[in-house]
Amino acid sequence: MRFLSKLDRRTVMRGGFSFGALSLLTGCDLTDNEPVQRVLWNMSFWNDRVQSWLFSANRLAPTYPESAVDRVFRYNAFYPEEQAPRLDPASYRLELSGSVGNKRPWTIERLYQLPQASQITRHVCVEGWSRIGKWSGCPLRIFLERVEADLTAKYVGFICADGYYTSIDMPTALHPQTIMAFTFADQVLPRKFGYPMKIRIPTKLGFKNPKFVVALSVTNNYPGGFWEDYGYNWFSGS
Ligand SMILES: Nc1nc2c(c(=O)[nH]1)N[C@H]1C(S)=C(S)[C@@H](COP(=O)(O)O)O[C@H]1N2
Ligand SMILES: [Mo]
């Protein structure tokens, strides 16, 4: 899994796959070459398919004891911490769209009444750091069932209050450790870590764990993501 997710452009250019012949043929810069770009994108999508095939719906990410929790957690986003959105609990609504039977928006109060589960897991950022933290909230599967989502749809997409967005495959959405997290370290989710709700997915890299989630969609149309659309591998299991 890990080595497959590293099958990115650099590995492809340097490693076993040789585009040497092609570059001789065209005599131009490979990275700017349209057809080559397309080949690399298609390889990334092929890589998504292999990863999802290797992903077992029931295989669990490692969990840790309370004593392993990192006391100082790390913040990350595409902007500095002070600029993290400040969502008003009174007006907050989680909007639903796509293949969902009941699209009534959710207030925080109603979200807090859902069944809750806790996890102590490792958050792994693609930038090369990781931290162990504790999150609690409602398993996404329970929520999707509650709103009568089409569980045979391909994707669940998320939109965040800061303009960030990402999406996951349905098996990952239904995975027992994928939760809508409302607390961090047994406290209400702090603003910088995604108040009032983040999607915690310990089987995915950090960038596929959206914070400040304000909208959720169930769809068969590939929703992409903020970093994914720059070329980060979409599946990105951890
Ligand atoms: N809304 C939103 N969610 C986001 C991001 C972001 O910029 N905005 N960054 C992602 C990345 S790259 C990481 S590593 C984690 C960081 O989460 P943390 O601040 O809880 O450590 O959030 C992810 N989710
Ligand atoms: Mo990240």
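Student: Before we start, when do two strands count as paired here?
Tutor: Two strands pair if DSSP finds at least two bridges between them. Keep in mind that this is a predicted model.

Student: Okay, so what's the strand order in the open sheet of four strands?
Tutor: The order is β1-β9-β4-β5, and the pairing is mixed.

Student: Which ones are the edge strands?
Tutor: Those are β1 (95-98) and β5 (165-169), each of which pairs on one side only. From one strand to the next, the twist averages 20 degrees.

Student: And in what sense do β4 and β5 pair?
Tutor: Antiparallel, over five bridges, with β4 covering residues 155-160. One bridge to look for joins Gly157 to its partner Ser167 in β5.

Student: What holds paired strands together in general?
Tutor: Strands of a sheet pair through backbone hydrogen bonds, whether parallel or antiparallel.

Student: Switching topic: is Thr121 buried or exposed?
Tutor: Buried, because its relative accessibility is 0% and the cut-off for buried is under 20%. You'll find Thr121 in strand β2.

Student: Which side chain does the Thr121 side chain make a polar contact with?
Tutor: That of Gln119, at 2.7 Å.

How values were computed: Residues numbered from 1 in each chain as written. Chains lettered and ligands numbered in written order. Predicted model: local features only at pLDDT ≥ 70, side-chain atom pairs only at ≥ 80, totals over all residues. Heavy atoms only, no water. Helix = DSSP H or I, 4+ residues; strand = E, 2+ residues; numbered from the N terminus. Axes fitted to C-alpha atoms, helices over the stretch in contact; angles between N-to-C directions. Buried < 20%, exposed > 50% of the residue type's maximum accessible area, 1.4 Å probe, protein only. Polar contact = N/O pair within 3.5 Å; in protein donor to acceptor, adjacent residues only side chain to side chain.
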